[in-house]
Amino acid sequence: MLTGVYLATKKDKTVYYRSNITHKGRHISLGSFPSEVQAHQAYTAACELLSGTETIDEAFYRTNQLAFEKIVSLINFRDNHMYIPTPIYLRKNYFSYYLSIHRELKFDIDDLFYYSSHRILTRQGHLYVNHYGMQLTLLGRYGIKTHAVNGRDFCFVNGDENDFRYSNLKIINPYFGVERIDKNGTEHYKVRIHIHGNITVGNYTNAIDAAIAYNKAVDLAHQAGISKNFPENYIEELSASSYADIYQQISLSPKYLSYLKGLPRK
């Protein structure tokens, strides 16, 4: 066998080749390959990366020999003396997670342990991780609702949508169904509920009243026979009695109430 290559066999007796390297006492698997030559090329590339000075950007041409995630891990190990299995590169006061060759995400060091053991995946443009059998969106980890809209419900302060550092994520509207609207130097909160399209519930002067109005609109929709599973708002800072007082006093749009009355009864 060529250096760094080990013969392996699948359950169906198919032969394949594994490549491994040991560096600074760390045994690192480089992957599985269909031929002995390819496995050896991966080993050679890893040796050159660990002993050389190539940066991550300079080394990505090696993706015909090694998976780009492995390239990132090896260069980080070389430069920062820490082997991390996910494609993370440690920087001063933050770290980069290379989602792909052309996409670098930024995170605070506080999140290093989490992303060292959770691989970031993409689906329909959304970023998520598998967490205890569930798919958790990245934005959800920062308190941003699943259906939140960038620029309306939250924003990236510096405009970089790949920068997930806490100081760069600002929540504008923390509640379901609520949109903050700034007009002529004043702000109000517009509440809408989606039944057969968006329906305006009302306009309110503060976010808590708006969030409770949305909850009340959901309750009335259910009472009117709408079986949709609406998300509801939890207002942590209110006691149960304070919440109940606002709930009783809050008024909803007559147009919305009329809409509910016009729905066919089951």
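A: Let's start with H5 and H6, which pack at an angle of about 70°, with their axes 9 Å apart. (Axes are lines fitted to C-alpha atoms, for helices over the stretch in contact, and angles run from 0 to 180 degrees between N-to-C directions.) This is a predicted model, where local features need pLDDT of at least 70 and side-chain atom pairs count only at pLDDT 80 or more, while totals for chains, interfaces and linings use all residues. Residues are numbered from 1 along each chain as its sequence is written, and side-chain values use heavy atoms, with hydrogens and water left out.

At that angle, H5 and H6 are roughly perpendicular to each other. (Under 35 degrees counts as roughly parallel, over 145 as roughly antiparallel, 65 to 115 as roughly perpendicular, and the rest as oblique.) The crossing of H5 and H6 is right-handed, where right-handed means that the near helix is turned clockwise from the far one by less than a right angle, and left-handed means anticlockwise. On the H5 side, the contact is made by Ile208, Asp209, Ile212, Asn215, Lys216 and Asp219. On the H6 side you'll find Tyr243, Ile246, Tyr247 and Gln248. (Contact means heavy atoms within 4.5 Å.) Sorted by class, this contact has five nonpolar, two polar and three charged residues. (Ala, Val, Leu, Ile, Met, Phe, Trp, Tyr, Cys and Pro count as nonpolar, Asp, Glu, Lys and Arg as charged, and the others, Gly among them, as polar.)

H5 also has H7 as a partner. H5 covers residues 207-223 and H7 covers residues 254-261. (Helices, H or I with at least four residues, and strands, E with at least two, are DSSP runs numbered from the N terminus.) Their axes are 10 Å apart, at an angle of about 20°, so H5 and H7 are roughly parallel to each other. This crossing is right-handed. Here Ala217, Leu220 and Ala221 of H5 meet Tyr256, Leu257 and Leu260 of H7. By class, the contact of H5 with H7 has six nonpolar residues, with no polar and no charged ones.

What sits in the loop between H6 and H7? Ser251 is found there. Ser251 counts as exposed because its relative accessible area is 51%.

Now for another helix pair. H1 (residues 36-51) and H3 (residues 68-80) have axes that come within 8 Å and cross at roughly 35°. Their crossing is right-handed. Ala46, Leu49 and Leu50 in H1 meet Ile71, Leu74, Ile75, Phe77 and Arg78 in H3. That contact divides into seven nonpolar, no polar and one charged residue.

Next, some strands and loops. Ser19 lies in strand E2, residues 15-23, and with a relative accessible area of 0% it is buried. The side chain of Ser19 reaches the backbone oxygen of Gly4 at 3.4 Å. Leaving aside neighbours within four places in sequence, Ser19 has contacts that include Ile28, Leu30, Phe33 and Tyr43.

Asp163 is in the loop between strands E10 and E11. At 1% relative accessibility, Asp163 counts as buried. Its side chain makes a polar contact of 3.1 Å with that of Asn158. (A polar contact is a pair of N or O atoms within 3.5 Å; within protein, one must be able to donate a hydrogen and the other to accept it, and residues adjacent in sequence count only if both atoms are side-chain atoms.)

His188, in strand E13, is partly exposed at 25% relative accessibility. The side chains of His188 and Asn203 are joined by a polar contact of 3.5 Å.

Asn93 has a positive phi of about 75° although it is not a glycine, and Asn93 is exposed, with 62% relative accessible area. Gln124, in the loop between strands E7 and E8, has a positive phi near 50°, and its relative accessible area of 75% makes it exposed.

Notes:
Buried < 20%, exposed > 50% of the residue type's maximum accessible area, 1.4 Å probe, protein only.
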